[in-house]
Amino acid sequence: MTDAPWWRSAVVYQIYPRSFADSDGDGIGDLRGIIDRVDHLARLGVDVVWLSPIYPSPQDDAGYDISDYENVDPTFGSLADVDELIAALHGRGIKLVMDLVVNHTSDEHSWFVESRSDPRSDKRDWYFWRPPRPGMEPGQPGAEPTNWVSFFSGPAWEYDPASGEYYLHLFARKQPDLNWENPQVRAAVYRMMRGWVERGVDGFRMDVVNFISKVVGPDGALPDGIVTAATSPYGDGSAGFICGPRVHEFLAEMHREVFAGLDEAPITVGEMPGVTVEQAVLFTDPARAELDMVFQFEHVALDQGASKWDVRPFRLRDLKASFGRWQAGLAATGWNSLYWNNHDQPRIVSRWGDDGIYRVQSATMLATVLHLHRGTPYVYQGEELGMRNMPFGSIAEFRDIESLNHYAVAVARGEDPEHVLAALRAMGRDNARIPVNPDYPEVNAAVQVDDPGSVFSHYRRLISLRHTEPTVAHGDFTMLLPDDDAVYAFTRRYSDERGEVELLVLGNFTGEKVDAEIDGWAGAELVLGNYPDASGRYPDGSGTPYDGEAGALRPWEARVHRRTCPSGSGPGLIRPSRPGSPAGR
Ligand code: TEU
């Protein structure tokens, strides 16, 4: 598969600049801190760095509220630092992806300042300005142009007394939504993107880019949403902005205007809350030339009920059903992105692993299962070290606007503050953002990089396996044991000059020893495991002996086995032998 795009065998590493590395001791991470640690990234073996926003920002939503797309916030450094970072990364064969946040700007962006200052300005139409609901007193509850709830609690409209109109903000009130219906807005965004590409940037991660096309009626009206228990007294406006009527047109236009004809293929990933598999196929179909891949949200909602604060137990079979559908749906056309973590999610080892005595085993098992799927894996800073959630005490320790707003609203409507805090501790975004976890003497890069049994060394082996075993990047995918709530199992299969190569991936999602015998695989080569193998060695030759038992998985154990059948003598059927588990194929 030599004509496959390069990013199919790539691994992306996300840096959240505020908390990655602080070079000047002011308590906030910066570009110089990243430049100083490029060797950590090279050692890990990642192919791409995705940098969360570094642009000038009032930091109302931690940099996702941008007041100038073409500069760098002095907190993080300068444009010269960006150039140096690009050179340092490129010098080690690593590409740089920037965050593109163009569903909305900051209210302090000059475009919005002008738009707000004068209803006759030609920037007025760059945002969604609408009159109050007819017959209602402007500025009073219920007078908003639609009933939409914002992602950060409260109405999605802010009243501007000077003009008597409201502006739309799906997120914070300091994040007004740009009006992509206006061709000048689109031209300005594409011009800005070309500027970064000319600087040497290799692609973009596009923030909520499936929200850019709103459902706008002929009279300019936006539709009300249905009021649900989770949104009351507001309505869920998502039908009016998720994958709206012109989103494919806009992304195809962006591709033509920014990426077409570049010497080196860029990498583009669209962050898409609420995207379906069917829509994702369209967004990532190479023939349509829109995006390379999307971030979908289905799996990170599996332990959540009506809202993200409604924390529910995790069931492994739900994860298999979800990932299985995405793997199958994008098998023939399009491409998956694979992630457990980012700056919006709690730490995976605390969420679905065991961050106590099995921290290392469960972090490495989770990594193995994710990275062996078909798709491009994303590693969020610290995930490669098995970092845990923060042990938050009181609400005073939170900084994130989403958590703070939710707490204020929930407590005001009578919810038990301790119950609200428990949800914030489980799901809050600050878990992965706030700089130093008190466990740092145990969980840090320095103690891990030279330790073959560390989480870091395991991620390194996984990334290297993707680079050296084409079945990982290009093979097809078959889920096994769909109903088993302890063992995650699947195969990957690929044909090349070796013949037919098949990988079996097993992951124990429990702290107990479990039976995991899959017919036909007895004695198959162990390519990678998160315990030393039967000989007592990790695949890189290090490790201490363990009395492993064939056909069983130890607590949180992961194994990747390989078998090869010379052309013409296929490996035959696989029949899982666990009682009650139907064959995967
Ligand atoms: O997030 C979009 C999004 O819908 C959610 O993940 C959101 O962060 C929240 O958790 C909903 O409950 C993107 C960015 O990743 C996020 O950091 C920004 O706050 C948001 O867009 C607005 O730019």
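Let me start with Ala289, which is partly exposed, with a relative accessible area of 31%. Buried here is under 20% relative accessible area, exposed is over 50%, and partly exposed is in between, with a 1.4 Å probe and protein chains only. Ala289 sits in the loop between helix H8 (277–284) and strand S9 (293–295). Helices (H or I, at least four residues) and strands (E, at least two) are DSSP runs, numbered from the N terminus.

One caution before I go on. This is a predicted model, where local features need pLDDT of at least 70 and side-chain atom pairs count only at pLDDT 80 or more, while totals for chains, interfaces and linings use all residues. Residues are numbered from 1 along each chain as its sequence is written, and side-chain values use heavy atoms, with hydrogens and water left out.

Back to Ala289. What is its phi? The value is near 50 degrees, positive in a residue other than glycine. Val208 also has a positive phi without being glycine, near 30 degrees. Val208 belongs to the loop between strand S7 (203–206) and helix H7 (247–259). Val208 is buried, at 3% relative accessibility. The S7–H7 loop also holds Pro233. A cis peptide bond links Ser232 to Pro233, with omega about 5 degrees. Why point these out? Because most residues other than glycine have a negative phi, and most peptide bonds are trans.

Next, salt bridges. How many are there? The count comes to 48. The rule is a side-chain nitrogen of Lys or Arg within 4 Å of a carboxyl oxygen of Asp or Glu.

Glu442 is in the loop between helix H13 (417–427) and helix H14 (445–448), and Arg359 is in helix H11 (residues 359–371), so the bridge ties together parts 83 residues apart in sequence. Glu442 is partly exposed, at 43%. Arg359 is buried, at 7%.

Then Arg429 and Asp400. Their side chains meet in a salt bridge at 2.7 Å, N to O. Arg429 lies in the H13–H14 loop and Asp400 in the loop between strand S11 (376–380) and helix H12 (401–412), so this pair ties together parts 29 residues apart in sequence. Buried or exposed? Arg429 is buried, and so is Asp400.

Now Glu469 and Arg562. Here the closest N and O atoms are 2.7 Å apart, again a salt bridge. Glu469 lies in the loop between helix H15 (455–468) and helix H16 (470–474), and Arg562 in strand S18 (residues 558–565), so parts 93 residues apart in sequence are tied together. Both residues are buried.

Some salt bridges share partners. Asp61, Lys308, Asp344, Asp400, Glu402, Arg429 and Arg433 are joined into one network that way.

Now some distances from ligand oxygen atoms to side-chain N or O atoms. For Glu271, the distance is 3.1 Å. For His343, it is 2.9 Å. For Glu402, it is 2.4 Å. How much of the ligand does the protein bury? Taken alone, the ligand exposes 480 Å², and the protein buries 93% of that. These areas come from the Shrake-Rupley method with a 1.4 Å probe.

Two C-alpha pairs to finish. Val258 is in helix H7. Val258 is buried, with a relative accessible area of 5%. Val258 and Tyr190 are 68 residues apart along the chain, and their C-alpha atoms are separated by 6.1 Å. Tyr440 is in the H13–H14 loop. Tyr440 is exposed, at 51%. Tyr440 and Tyr234 are 206 residues apart in sequence and 42 Å apart in space, C-alpha to C-alpha.

Methods:
A polar contact is a pair of N or O atoms within 3.5 Å; within protein, one must be able to donate a hydrogen and the other to accept it, and residues adjacent in sequence count only if both atoms are side-chain atoms.
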